[in-house]
Amino acid sequence: MNRFFEKHGLLKISSIFLVLAIVFTWLISLSYFNAGTLVSDEVVRLGLFDISTYGFLAITYFIHVFVFVFIAAGFYKFLGSTEAYDKLTSNIANVFKGKEKILVAISTLVFACLSGITTDYLYLLAIIPFVISILAKLKVDKVVGFASTFGGVLIGILGSTYSTKVAGQLVNTSYGLGVQYGNELVGTIVVLAIAYLLILYFTFNKMGKKSDSLLTDEFMSENATPTKKAARIPIHKISVVPMAITLVITFIVLILAFIGWEEAFGVTVFTKAFEWINSATLFDQPIYSYILGSDYFAAFGKWDLFGAVTILLVTTLIIKVLYRIPMDKVISEYGEGFKKFGKTGIILLVIYTTLFISVSFPTVPYFINGIVKGGVNLANIFLSNSLMSVFAVEFQYVVSMLSTVFTSFESLPIAALALQLSYGFISFIAPTSVVLMLGLSLLDIKFKDYLKFMWKFLISILIVIIVVLAILFLI
């Protein structure tokens, strides 16, 4: 079995759940919940042509994710080929030399906070490789690099407060539980804070030991190719200021664009600014609307990943102009970045195909019905949602398929928190967790090595979740 997972282990272990989803369609009739009652339909067995077709449909339906991750890979391969980026990340790494734990603590906290209030946590992949570049130069362990970045994102999912991507699904009145943003805020923040402190504790312990598996930056060229301008300038004289300013502005725009200002916080300033830009005229023409786009340009808080793609491409062009980088170089580096993300793209395809089949041909509710027959209590809510999360992958689909089962629970706010915490917990361990598998694949970490590092954290945070839910239910 170890030999089976030795090569391409992440792809193989995620494929197991795709195979299970397919096998279920052969053995179990289609099942779904209607007003909390299980409804069974006919058995629809998926064959080879069905599977390949639904795989392509998964790409089509989640094309924004695939395009974004490949563009992000190309963007950072391009950045990693420039001496200015190399020098900038080296300068930052030198600041934290001997203070690696401070950087780890800051990085984990920032990603956890951003993930907890975002409209789509996947956009953080446009920022994470920058931190990875710095951590790699500080020679930290691979799993330390994961915990400091993707681990922070997972903590934010677990302790989501105002994220429309997670908490917002429970707020939704059409398929959610109709709770409010900030639902059980104290309990959520307690879990978030303890999870953060726990992951820091285990990460710091790991940093105190000698590592045989150091973090490497897959997108950084060993010898950055000088640009036309830089070819005549010693590297110590290359200015990093334009690079730093450009990246800071890019990151700020992305962060502002992916916070649910109006929906979650009731802040309308960005919506009003957007309306003003769209209506502003020059020579009696809405020229700004023409330039930015009248169909897909949106106010901050309403962007999707295609908007993030646009920002990364614009940033690429700005850096190209600032450092006089030939267009051929830009294209070739983007191509190399696409290749770097090829294996990860296949893993994503498997995960989203599992989602597509599990939602379009639902069979998992059959098993969940067996669980909830024992009564709708916190334990069954947590267990049922955990099982559904493994196959439905995205929280919005998990909630839409299960929410009516738990509306009879005596406290909807606590039921909603149990759903969120179970999804967040499963995101740390499920081979169908997009954030988890993206991180492990990008940093070249074996699943067993990840579990070897994280198992104590997972047991600890599971105990914390149980205690918090029990206290909230009893008071």
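Helices (H or I, at least four residues) and strands (E, at least two) are DSSP runs, numbered from the N terminus. This is a predicted model: local features need pLDDT of at least 70, side-chain atom pairs count only at pLDDT 80 or more, and totals for chains, interfaces and linings use all residues. Residues are numbered from 1 along each chain as its sequence is written, and side-chain values use heavy atoms, without hydrogens and water.

**View 1. Nonpolar surface patch around Val467.** Val467 sits in helix H23 (residues 447-474). Its relative accessibility is 43%, so Val467 counts as partly exposed (buried is under 20% relative accessible area, exposed over 50%, partly exposed in between; 1.4 Å probe, protein chains only). Areas come from the Shrake-Rupley method with a 1.4 Å probe, and for residues only the protein chains shown count as cover.

**View 2. Helix H19, residues 378-392.** Twelve of the 15 residues in H19 are buried. Among them are Leu378, Phe382, Met388 and Phe391. The buried residues pack against H1, H17, H18, H20, H21 and H23.

**View 3. Residues 225-236.** Here pLDDT (the predictor's confidence in each residue, from 0 to 100) stays under 50. The model has 18 contacts (heavy atoms within 4.5 Å) beyond four places in sequence for this stretch. The chain mean is 87.

How values were computed. Patch = residues over 30% accessible without salt bridge, like charges linked within 9 Å, V, L, I, M, F, W, Y side chains within 5 Å. Salt bridge = Lys/Arg side-chain N within 4 Å of Asp/Glu carboxyl O. Expected span 1.5 Å × (residues − 1).
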